[in-house]
Amino acid sequence: MTNDEFRAAMSRLASGVVLVTAQEPPLDPDDPQAPVGEDVGMTATAFMSVSLDPPLALVSLREGSRMDDLLAEQPVWAVSVLTESQRHIAGRFAMKGRISDRLLFQDIPYVRGEVSGAPMVGGALATLECRTEQRVAAGDHTLVIGRVLTAKVPSAGGGPLLYFRGRYRQLR
């Protein structure tokens, strides 16, 4: 089996699209006057519920990516489950060689998580805040398992944004 064959087979599995976010820790955590770190975001299609008791969720991150490196040092993070009308957000945070995350968040409505301080997209189907419980090396990815600390359903409207056969899609 080739990488292309594996990728083609897995592209037939529809998945939801989320924005994973975290806030970099302050440069000097012992100094309350130190500037807060930058917000970081990443589009993910490999996100799932793991357990109800305790409430656990999992996200798969490319090993060595900015988010993988950040979540290795920042234990709290957030997830926004995107709606079909938020395709532009998914595309923006999935770009390779993109501009700084600060600019990417600039015109997106969001609220800060009460536990994580991470941005959570306004109008998302659901938002969650997690604390990393376990990191598992898995090939060229890291599976980050987080205990869900908050879960909200701020928006009842719209359908989910899906990823299928290499493209963003919506339910019909």
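## Helix 3 and its buried side

In this predicted model, helix 3 has four residues that count as buried: Ile89, Ala90, Arg92 and Phe93. Around the helix axis they span an arc of only 165°, so they sit on the same side of helix 3. An α-helix has 3.6 residues a turn, so residues three or four places apart point the same way.

The packing partners of these buried residues are strand 2 (18-23), strand 3, helix 4, strand 8, strand 11 (161-164) and strand 12 (167-170).

## Salt bridges

Side chains of opposite charge can pair when their charged atoms come close. There are eight salt bridges in the structure. One of them joins Arg112 to Asp39, with 2.7 Å between the closest N and O atoms. Arg112 belongs to strand 7 (residues 110-112) and Asp39 to strand 3 (residues 39-44), so this pair ties together parts that are 73 residues apart in sequence. Asp39 is buried, at 10% relative accessibility, while Arg112 is partly exposed, at 39%.

Arg92, one of the buried residues of helix 3, forms a salt bridge with Asp107, and the closest N and O atoms are 2.6 Å apart. Arg92 lies in helix 3 (residues 87-94) and Asp107 in the loop between helix 4 (101-105) and strand 7, so the bridge links parts that are 15 residues apart in sequence. Asp107 counts as exposed, with a relative accessibility of 57%.

A further salt bridge pairs Lys152 with Glu114, at 2.7 Å from N to O. Lys152 is in strand 10 (residues 141-152) and Glu114 is in the loop between strand 7 and strand 8 (119-121), so the parts tied together are 38 residues apart in sequence. Lys152 is partly exposed at 41% relative accessibility, and Glu114 is exposed at 60%.

## Thr132 and its contacts

Thr132 is part of strand 9 (residues 126-138). Its side chain makes a polar contact of 2.8 Å with the side chain of Trp77. Leaving aside residues up to four places away in sequence, Thr132 touches Leu71, Pro75, Trp77, Val144, Ile145 and Gly146.

## Backbone features

Most residues other than glycine have a negative phi, and most peptide bonds are trans. The bond from Asp53 to Pro54 is cis, and its omega is near 5°. Pro54 lies in the loop between strand 4 (47-51) and strand 5 (56-62).

Arg165 has a positive phi, near 50°, although it is not a glycine. This residue is located in the loop between strand 11 and strand 12, two strands that are among the packing partners of the buried residues of helix 3. Arg165 itself is partly exposed, with a relative accessibility of 47%.

Notes:
Residues numbered from 1 in each chain as written. Predicted model: local features only at pLDDT ≥ 70, side-chain atom pairs only at ≥ 80, totals over all residues. Heavy atoms only, no water. Salt bridge = Lys/Arg side-chain N within 4 Å of Asp/Glu carboxyl O. Buried < 20%, exposed > 50% of the residue type's maximum accessible area, 1.4 Å probe, protein only. Polar contact = N/O pair within 3.5 Å; in protein donor to acceptor, adjacent residues only side chain to side chain. Contact = heavy atoms within 4.5 Å. Arc of directions from axis to C-beta.
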